[in-house]
Amino acid sequence: MLFMTIYTYKPANRDAVIRRRLEKGPQLPPEVKSVGEWSYTGGGRVFRLIEASDAAAAFKAGYPWSDLGAIETF
C-alpha cells in the first residue's frame, strides 16, 4: 500500500533535521520503501510517499524523526 507522510518541524529544528538527514539518511525500516520525497521550499515541511505492507510499518517509518517534529501519515 502507498502512504503519504507529512513531516512538519519548527524553524528552530531546521538545522537538526538537515544534519540528521545528511548523516543518517531517511532511516526507513527494511519493510518500507521510499517512492519519493519532497521538501517544501518555504521550510518546515517534508512530504514522503512510501510503500509498506501495512499501516504499522508506515507509522514505524516516522519514529526516528518524531523528536524533531510532528508526523501525519495518510
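Thr5 touches Val46, Phe47, Arg48, Ile50, Ile71, Glu72 and Thr73, leaving out residues up to four places away in sequence. This is a predicted model. Thr5 sits in strand E1. Its relative accessibility is 12%, so Thr5 counts as buried, the cut-off being under 20%.

How many bridges join E1 to E3? There are seven, and the two strands run antiparallel. Strand E2, residues 32-39, is also joined to E3 by seven bridges. E2 and E3 run antiparallel as well.

| Residue | Bridge partner in E3 |
|---|---|
| Leu2 | Glu51 |
| Lys33 | Glu51 |
| Gly36 | Leu49 |

E2 and E3 form a hairpin with five residues between the strands. Gly43 in this hairpin takes a positive phi near 95 degrees.

## Arg48, a buried charged name

Arg48 lies in strand E3, which covers residues 45-52. Is Arg48 buried or exposed? Its relative accessible area is 11%, and the cut-off for buried is under 20%, so Arg48 is buried. The side chains of Arg48 and Glu37 are joined by a polar contact of 2.8 Å. Arg48 also has a list of contacts beyond four places in sequence: Phe3, Met4, Thr5, Arg21, Pro26, Leu28, Ser34, Gly36 and Glu37.

## The largest pocket

Arg48 turns up again at the largest pocket. This pocket holds about 360 Å³ of space. Its lining has 23 residues. Which of them lie nearest its centre? They are Tyr7, Arg21, Glu37, Val46 and Arg48. The elements that give two or more residues to the lining are strand E1 (2-9), helix H1 (14-24), E2, E3 and strand E4 (69-73). E3 gives the most, with five residues.

Which residues make up the largest nonpolar core? There are seven: Phe3, Val32, Ile50, Ala52, Ala57, Ala58 and Ala61. E3 and helix H2 (55-60) each supply at least two residues of this core. A second, separate core has six residues, including Tyr7, Tyr9, Val17 and Val46. Tyr7 and Val46 are also among the residues nearest the centre of the largest pocket.

Phe3 belongs to the largest core. Leaving aside neighbours within four places in sequence, Phe3 is in contact with Arg48, Leu49, Ile50, Ala52, Asp54, Ala55, Ala58, Thr73 and Phe74. Ile50, Ala52 and Ala58 are core members too.

## Lys60 on helix H2

Lys60 lies in helix H2. How accessible is Lys60? Its relative accessibility is 38%, so Lys60 counts as partly exposed. The side chain of Lys60 makes a polar contact of 3.3 Å with the side chain of Glu31. Beyond four places in sequence, Lys60 touches Pro29 and Glu31. Arg21 is 39 residues from Lys60 along the chain. The C-alpha atoms of Lys60 and Arg21 are separated by 17 Å.

## A loop residue with positive phi

Gln27 is found in the loop between H1 and E2. Its phi is near 55 degrees, a positive value in a residue other than glycine. Most residues other than glycine have a negative phi. At 24% relative accessibility, Gln27 counts as partly exposed.

How values were computed:
Residues numbered from 1 in each chain as written. Predicted model: local features only at pLDDT ≥ 70, side-chain atom pairs only at ≥ 80, totals over all residues. Heavy atoms only, no water. Helix = DSSP H or I, 4+ residues; strand = E, 2+ residues; numbered from the N terminus. Buried < 20%, exposed > 50% of the residue type's maximum accessible area, 1.4 Å probe, protein only. Polar contact = N/O pair within 3.5 Å; in protein donor to acceptor, adjacent residues only side chain to side chain. Contact = heavy atoms within 4.5 Å. Core = buried A, V, L, I, M, F, W, Y, C linked by side-chain atoms within 4.5 Å. Pairing = 2+ DSSP bridges. 1 Å grid on protein atoms, 1.4 Å probe; cavity = no way out; pocket = protein on both sides within 12 Å on 5 of 7 lines; lining within 4 Å. Points joined across faces, edges and corners; volume = space filled by probe spheres on them.
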